[in-house]
Amino acid sequence: MRAEPTPSTTSAATVRWSLFGVVALAGYFFFSDGDVGYLLTLSAMARSFALMSVAYAFHKSATPVAPDTIRCLCVVGLCRAYSYWRRQGYVPYDPSGDWAFVLVEGSGIAGALYAAFASRQEKFAPPPGDFLIITSGAFLMGMAFHADLNKDAISDTLWAVAAYLEVLALIPALVAARAGQPQSLEFARAIVVCRVFSLGFWSQAFAELKARSGSSFVGVVVLAVETLAVVLAVELLAASSPKGRNKKD
């Protein structure tokens with residue numbers, strides 16, 4: 001069982017979250033025009049914060065999150081990177097999307113890749129085969145339900161795959177947490193923040209996600225998936241908290 005957080009670790013976490021808040025506010029005042037698109041940048045910042053914290057923990061020889069979750073998030077990052085490289089249809093229209101959003105996404109991808117490399121020999125529930133099942137499911141969903149913002153079938157599909165896989169990626173961590181394998185509380189908190197900001201954005205912008213036929217059904221699917229993501233993230237946070245772990249003990 002994981003040891004309870006000490007005052008020093010709690011203090012360090014407080015400093016990191018305070019710094020995150022300062023950077024988020026600074027970004028709003030200096031790199032944003034107040035558009036709702038900044039919520040997407042904030043979501044990317046929280047995701048990057050989560051992945052960098054996990055990468056640091058793996059560097060310290062800890063196993064803070066189920067490796068399958070990290071591997072899935074690596075695929076998410078690479079799919080998004082290729083989609084953004086091809087076209088800019090899914091980058092926030094807010095000025096922060098010009099460079100801050102891309103920079104934050106890049107740092108998150110780097111953190112995920114490092115964590116995946118560091119965890120390559122870890123044994124963790126659920127079985128490694130679940131990574132292939134989850135990834136395959138996301139690719140099938142992406143091919144079936146993707147928008148046409150980029151006017152490019154490959155990048156549109158990969159963006160959709162990333163959107164769905166990012167949600168499904170939480171399942172291995174949640175299963176592991178419920179099986180008594182402690183997950184990083186800081187990662188869980190950051191993911192909740194990430195998912196809430198993302199849902200806040202897509203609740204206002206989902207109608208823009210239209211298929212090539214003009215149907216807005218894709219937007220509804222993405223909004224439903226984003227709502228599910230918040231539920232899974234909150235469940236992961238509850239299962240990763242000291243009270244949640246004590247109930248299993």
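Thr-41 touches Pro-92, Ser-96 and Phe-101, leaving aside residues up to four places away in sequence; contact here means heavy atoms within 4.5 Å. The model is a predicted one, in which local features need pLDDT of at least 70 and side-chain atom pairs count only at pLDDT 80 or more, while totals for chains, interfaces and linings use all residues. Residues are numbered from 1 along each chain as its sequence is written, and side-chain values use heavy atoms, with hydrogens and water left out.

Thr-41 lies in helix H2, where helices (H or I, at least four residues) and strands (E, at least two) are DSSP runs numbered from the N terminus. Thr-41 is buried, with a relative accessible area of 2%. The term buried means under 20% relative accessible area, exposed means over 50%, and partly exposed falls in between (1.4 Å probe, protein chains only). The C-alpha atoms of Thr-41 and Glu-105 are separated by 8.8 Å, although these residues are 64 apart along the chain.

Helix H2 also holds Ser-48, which is buried with a relative accessible area of 6%. Ser-48 touches Val-104, Ser-107 and Gly-108, again not counting residues up to four places away in sequence.

Rolling a probe the size of a water molecule over the atoms shows where empty space is left. The search uses a 1 Å grid over the protein atoms alone: a cavity is a set of points where a 1.4 Å probe fits but cannot get out, a pocket is an open set with protein on both sides within 12 Å along at least five of seven lines, and lining residues have an atom within 4 Å of a point. Grid points are joined across faces, edges and corners, and a volume is the space filled by probe spheres set on the points. By this rule there are three cavities of 30 Å³ or more.

For the linings, Ala, Val, Leu, Ile, Met, Phe, Trp, Tyr, Cys and Pro count as nonpolar, Asp, Glu, Lys and Arg as charged, and the others, Gly among them, as polar.

| Space | Volume | Lining by class |
|---|---|---|
| Largest cavity | about 130 Å³ | eight nonpolar, two polar, six charged residues |
| Second largest cavity | about 90 Å³ | seven nonpolar, three polar, three charged residues |
| Second largest pocket | about 440 Å³ | 13 nonpolar, five polar, one charged residues |

The largest cavity has a volume of about 130 Å³. Of its 16 lining residues, Leu-40, Arg-47, Arg-80, Ser-198 and Trp-202 are the closest to its centre. At least two lining residues come from each of H2 (38-59), H3 (67-86), H4 (100-118), H6 (153-168) and H8 (185-205), and H2 gives the most, with four.

The second largest cavity, of about 90 Å³, is lined by 13 residues, and Arg-47, Leu-51, Glu-105, Gly-108 and Ile-109 are the closest to its centre. H2, H3 and H4 each supply at least two residues of this lining, and H4 has the largest share, five residues.

The second largest pocket has 19 lining residues, with Phe-20, Val-23, Met-45, Ser-48 and Val-104 nearest its centre. Helix H1 (7-31), H2 and H4 are the elements that give two or more residues to this lining, and the largest share, seven residues, comes from H1.

**Annotated segments**

An unreviewed UniProt entry places the feature "transmembrane region" at residues 12-31, 99-117, 129-146, 158-175, 187-205 and 217-238; UniProt positions follow the numbering used here, feature names are shortened, and annotations may be inferred rather than shown by experiment. Residues 158-175 are 94% helix and 0% strand, with the end C-alpha atoms 26 Å apart. Residues 217-238 are 100% helix and 0% strand, with the end C-alpha atoms 32 Å apart.
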